[in-house]
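Have a look at the structure first, and then we can walk through it together.

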Amino acid sequence: MKISKKDLTEKIRNCGLKPTSQRIAILLQLLSRRDHPSADAVYQSLKDEYPSLSLNTIYMNLESFAEKGIITKINVLHQSARFDGDISSHHHFVCVRCKKIIDLHNMKIPKIKIPKELKTAKVYFHQLRINGICEDCSN
Ligand SMILES: [Zn+2]
Ligand SMILES: [Zn+2]
């Protein structure tokens, strides 16, 4: 997927935030990687290019992006939050050893039925998480 600077600018504007070059760089990281990075991992990738960017700024921006729904926040087994730039509906496999998060796209996972006990609640989204040991770790 090709992500243009115009798209990034627009997404950030739609969040009600000013599209600064730092914000654009942070969002580009999220949208172009598939490893569900933590704020720190984004920081490691950007700190050389943006020496004035702090880990805290990245964290705050990721939090506001997640709040506005242009990325999602995944909290699983990890010390720190992990973020996903792919907001299409998909499930995750999480390795309990290396903490890797693998996207489960196009797999025949039966559609989850919202229990009728929840009928009165507004369900925004639901997601299946499978925990286990990944192929790399089981060898
Ligand atoms: Zn693993
Ligand atoms: Zn994902």
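## Where two helices meet

Let's begin with a helix pair: from H1, the residues Lys5, Leu8, Thr9, Lys11 and Ile12 make contact with Arg23, Ile24, Leu27, Leu28 and Leu31 of H2. By residue class, this H1–H2 contact has six nonpolar, one polar and three charged members. Please keep in mind that everything here comes from a predicted model.

How do the axes of the two helices cross? Helix H1 covers residues 5-14 and helix H2 residues 21-32; their axes come within 10 Å and cross at roughly 105 degrees. An angle of 65 to 115 degrees counts as roughly perpendicular, so H1 is roughly perpendicular to H2.

## The loop between them

Leu17 sits in the loop that links H1 and H2. Leaving aside residues up to four places away in sequence, Leu17 touches Ile12, Arg23, Ser64 and Phe65.

## The zinc site

Which residues coordinate the zinc ion (ligand 2)? The donors are His36 (NE2), Asp84 (OD), His90 (NE2), His92 (NE2) and Asp103 (OD), at 2.0 to 2.2 Å. Along the sequence, their spacing reads H-x47-D-x5-H-x1-H-x10-D. Because His92 belongs to strand E3 (residues 91-95) and Asp103 to strand E4 (residues 101-104), this pair ties together parts that lie 11 residues apart in sequence. Both His92 and Asp103 are buried.

## The chain as a whole

Stepping back, the chain has five helices and five strands, arranged in the order α-α-α-α-β-β-β-β-β-α. The C-alpha trace spans about 45 × 45 × 30 Å along its principal axes. Of the 139 residues, 35% count as buried. Among contacts with a sequence separation of 6 or more, 45% are between residues 24 or more positions apart.

The chain is divided into domain 1 (5-83) and domain 2 (88-138). Taken over C-alpha atoms, the centres of domain 1 and domain 2 are 22 Å apart. How many residues are in contact between the domains? Eight residues of domain 1 meet 10 residues of domain 2.

Definitions and conventions: Residues are numbered from 1 along each chain as its sequence is written. Chains are lettered from A and ligands numbered from 1 in the order in which they are written. This is a predicted model: local features need pLDDT of at least 70, side-chain atom pairs count only at pLDDT 80 or more; totals for chains, interfaces and linings use all residues. Side-chain values use heavy atoms; hydrogens and water are left out. Donors are N, O and S atoms within 2.8 Å of the metal (3.2 Å for Na, K and Ca); water is not among the atoms, so sites may look incomplete. Helices (H or I, at least four residues) and strands (E, at least two) are DSSP runs, numbered from the N terminus. Buried means under 20% relative accessible area, exposed over 50%, partly exposed in between (1.4 Å probe, protein chains only). Axes are lines fitted to C-alpha atoms, for helices over the stretch in contact, and angles run from 0 to 180 degrees between N-to-C directions. Angles under 35 degrees count as roughly parallel, over 145 as roughly antiparallel, 65 to 115 as roughly perpendicular and the rest as oblique. Contact means heavy atoms within 4.5 Å. Ala, Val, Leu, Ile, Met, Phe, Trp, Tyr, Cys and Pro count as nonpolar, Asp, Glu, Lys and Arg as charged, and the others, Gly among them, as polar. Domain bounds come from an automatic or database domain assignment.
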